[in-house]
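Dear colleague,

I am handing over the structure below, and I would be glad if you read the notes that follow with it open beside you.

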Amino acid sequence: MNLVDQILNSTDRLPSFPMVIQRALQLIEDPRSSAQNLVDVLQFDQSITANILKLCNSAYFGLRKTVSSLREALVMVGFDQLMEIILSQESASFLQDSCKGYDLGQADLWKHSVACGLLSGIISKRLKREASLTLFTAALLHDIGKMVLGHYVQDYFRQIKNLAGEKQISFTEAEKEILGIDHAELGGKVAEKWKFPKSIISAIQYHHAPSLASEESEVVELVSLCDIVAMITGIGGGADGLAYHGNREVMKRYHLGEKDIEQFIVKLEDRFQLVNETLDTKRGGEGRLWLTMS
Ligand SMILES: [Fe+2]
Ligand SMILES: [Fe+2]
């Protein structure tokens, strides 16, 4: 079996994506669905429900009334914010482990992913586009391929790093040359396997080469922008950040300059500081990272 086939087979190592969230994502894409449809689906997952209630009743939200059901949480916190919390929480089960190949410690990739999710809202606002949960999800999961490819990158790290240096190419391009596949392409395969909507698959697959995407180009470009800004801040950059080639074309296309990037960073740092101050990452009862707001 060649190396690419071995790598593709090892995507089985990832846990399957929670059915409840898969269904929730399909509902979000469906214009006929309502917030109530979403509550109907989510309420069957006890751990999601329990966690949401705990978060909604924490000091972070400062709600005067105790929230005792998902329906109430939806009313008090709002649909989009509720889904963002659920998606951030659930993604920890795939992204919390250290990823040695990329020099990422425990929860580093998850922090990078949450930063990209937050940036999707910040950048959408600046571009006067409505923040979308599809974009948030794509930004949150864009590096999922690293969780599989990290094992192989670790074995070939010297070769990848040397090639990136010699040819002055990005770490991702060197990954592709040495391993035959890069984490973006592999992530796209994982997203296909998880039956994600096409726009999310495309954004994951092309987040380092948005010009190659044939469809949903705006979601792809915005995810690539979120990644560039997160990399500049150094949140969860790891080894990839050593030879990262941000796509300036995307910035030009959206008429964004250095000043805009600076503002995105300030806003992200504000929100991230708030996250760090009020969200304490620690191990939960099921051996995964939980976000707790104290
Ligand atoms: Fe990436
Ligand atoms: Fe990234």
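The axes of helix 5 (residues 70-77) and helix 6 (residues 79-95) come within 7 Å of each other and cross at roughly 115°. Helices here are DSSP runs of H or I with at least four residues, numbered from the N terminus, while axes are lines fitted to C-alpha atoms, for helices over the stretch in contact, with angles running from 0 to 180 degrees between N-to-C directions. On the side of helix 5 the contact is made by Ala73, Leu74 and Val77, and on the side of helix 6 by Phe79, Gln81 and Leu82, where two residues are in contact if their C-beta atoms, placed from the backbone, lie within 7 Å. By class, these residues of helix 5 and helix 6 are 5 nonpolar, 1 polar and no charged; Ala, Val, Leu, Ile, Met, Phe, Trp, Tyr, Cys and Pro count as nonpolar, Asp, Glu, Lys and Arg as charged, and the others, Gly among them, as polar.

Please keep in mind that this is a predicted model, in which local features need pLDDT of at least 70 and side-chain atom pairs count only at pLDDT 80 or more, whereas totals for chains, interfaces and linings use all residues. Residues are numbered from 1 along each chain as its sequence is written, and chains are lettered from A and ligands numbered from 1 in the order in which they are written.

A second pair is helix 2 (residues 19-29) with helix 3 (residues 35-42), whose axes come within 9 Å and cross at roughly 170°. That angle makes helix 2 roughly antiparallel to helix 3, a term used for angles over 145 degrees. Val20, Arg23, Ala24 and Leu27 of helix 2 make this contact with Asn37, Leu38, Val41 and Leu42 of helix 3, and the residues involved are 6 nonpolar, 1 polar and 1 charged.

Helix 13 itself is largely enclosed by the rest of the structure, because 7 of its 8 residues are buried; a residue is buried if 20 or more other C-beta atoms lie within 10 Å of its own, exposed if 12 or fewer, and partly exposed in between, with C-beta atoms placed from the backbone. The buried residues are Ser199, Ile200, Ile201, Ser202, Ala203, Ile204 and Gln205, and what covers them includes helix 8 (133-141), helix 12 and helix 14 (217-233). Within helix 13, Ile200 has 27 other C-beta atoms within 10 Å and is therefore buried. The C-alpha atoms of Ile200 and Ala138 are separated by 4.9 Å, although the two residues are 62 residues apart along the chain. Apart from neighbours within four places in sequence, Ile200 is in contact with Thr134, Thr137, Ala138 and Ala191.

His207, in the loop between helix 13 and helix 14, is also buried, with 31 other C-beta atoms within 10 Å. Not counting residues up to four places away in sequence, His207 touches His142, Ala184, Val220, Val223, Ser224 and Asp227.

Helix 9 (residues 146-155) is likewise largely enclosed, because 7 of its 10 residues are buried. These are Lys146, Met147, Val148, Leu149, Gly150, Tyr152 and Val153, and they pack against helix 1 (3-9), helix 6, helix 7, helix 10 (157-167), helix 11 (171-179) and helix 12.

Most residues other than glycine have a negative phi. Ala107, however, has a positive phi of about 70°; Ala107 lies in the loop between helix 6 and helix 7 (108-126) and, with 19 C-beta neighbours inside 10 Å, counts as partly exposed.

With kind regards

Definitions and conventions: Helix = DSSP H or I, 4+ residues; strand = E, 2+ residues; numbered from the N terminus. Parallel < 35°, antiparallel > 145°, perpendicular 65-115°, else oblique.
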